[in-house]
Amino acid sequence: MANPPKTTGKNWFKYFQYQEGRDTPADARNILLIVAALIATVTFQAGVAPPGGVWQEGLRAGKAIYASKKVAFYVFLISNTLALSSSILVIISLTITFPFRLEIVVAMVSMIVTYGSAIFAVTPGESGRFRYVLFVALGPFVFRCLIQIFRAFQTMPAYERIVKERMQEKNLGTERVTT
């Protein structure tokens with residue numbers, strides 16, 4: 001790899017950006033895997049051991065101290081869960097063709113279940129609101145599935161035929177108005 005530019009300024013930023021032709025897809029995949037694994041590690045740990053710790057004694061023993069600030073705690077939980085599930089989606093997507101892919105998927109699903117049970121254990125008795133966190137965890141997966149379905153639908157010959165027919169109908173409608 002060439003040496004980075006010696007001048008200061010914005011050149012260094014542009015130099016370290018991904019450039020097709022210079023950087024290989026394998027290198028990009030490996031870097032994405034590292035970043036996603038780091039995000040998954042940090043967010044998992046933050047969920048299992050919430051900021052501020054847990055109450056040690058009394059009626060709230062084992063519950064998150066931070067949960068006493070309900071809105072802030074749920075913003076934390078939702079954001080943390082979204083980051084964890086997004087990073088797991090990236091890891092699964094990038095390793096889907098690897099050997100032992102089934103084991104990787106099982107490990108990732110187990111990690112999400114463990115995370116869910118851990119945050120459920122430290123969240124004070126509000127299982128009603130907890131379901132929002134679970135929906136957020138599914139969000140990236142559902143969103144990615146919808147994108148794939150939409151892309152598959154666009155490549156179908158019937159879709160192209162329908163689009164052409166609608167364009168022809170619009171063109172015929174405008175010709176009738178102008179004549």
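**Stop 1: The cavity**

Start with helix H3, which gives the most to the lining of the largest cavity, with 3 residues. Helices here are DSSP runs of type H or I with at least four residues, strands are E runs of at least two, and both are numbered from the N terminus. A cavity is a set of points on a 1 Å grid over the protein atoms alone where a 1.4 Å probe fits but cannot get out, and its lining residues have an atom within 4 Å of a point.

Before going on, a note on what you see: this is a predicted model, in which local features need pLDDT of at least 70 and side-chain atom pairs count only at pLDDT 80 or more, while totals for chains, interfaces and linings use all residues. Residues are numbered from 1 along each chain as its sequence is written, and side-chain values use heavy atoms, with hydrogens and water left out.

Now select Thr 81, Leu 84, Ser 85, Ile 112, Tyr 115 and Ala 137, which line the largest cavity. Helix H3 (70-95) and helix H4 (101-122) each supply at least two residues of this lining. The lining has 4 nonpolar, 2 polar and no charged residues. In this sorting, Ala, Val, Leu, Ile, Met, Phe, Trp, Tyr, Cys and Pro are nonpolar, Asp, Glu, Lys and Arg are charged, and the others, Gly among them, are polar.

How much space lies in the largest cavity? About 30 Å³, where a volume is the space filled by probe spheres set on the grid points, which are joined across faces, edges and corners. Searching the whole structure turns up 1 cavity of 30 Å³ or more.

**Stop 2: The whole chain**

Zoom out. The protein has 6 helices and 0 strands. Of its 179 residues, 21% count as buried, meaning under 20% relative accessible area, with exposed over 50% and partly exposed in between (1.4 Å probe, protein chains only).

**Stop 3: H2 against H3**

Two packed helices are described by the angle between their axes and the distance between the axes. Select helix H2 (residues 25-48) together with H3: their axes come within 8 Å and cross at roughly 145 degrees. Axes are lines fitted to C-alpha atoms, for helices over the stretch in contact, and angles run from 0 to 180 degrees between N-to-C directions.

Where they meet, H2 brings residues including Leu 33, Ala 36, Ala 40 and Phe 44, and H3 brings residues including Phe 76, Asn 80, Leu 84 and Ile 91. The residues of this contact (heavy atoms within 4.5 Å) divide into 14 nonpolar, 5 polar and 1 charged.

**Stop 4**

Is Asn 80 buried or exposed? Asn 80, in helix H3, counts as buried because its relative accessible area is 8%. Leaving aside neighbours within four places in sequence, Asn 80 is in contact with Thr 43, Ala 46, Gly 47 and Tyr 115.

Next, click Ser 117 in helix H4. Ser 117 is partly exposed, at 45% relative accessibility. Draw a line from Ser 117 to Gly 47: they are 70 residues apart in sequence and 10.0 Å apart in space, C-alpha to C-alpha.

Finish at Trp 55, in the loop between H2 and H3. With a relative accessible area of 30%, Trp 55 is partly exposed. Among the residues that Trp 55 touches, not counting those up to four places away in sequence, are Arg 60, Lys 63 and Ile 65. The C-alpha atoms of Trp 55 and Ile 65 are separated by 5.9 Å.

Conventions:
1 Å grid on protein atoms, 1.4 Å probe; cavity = no way out; pocket = protein on both sides within 12 Å on 5 of 7 lines; lining within 4 Å.
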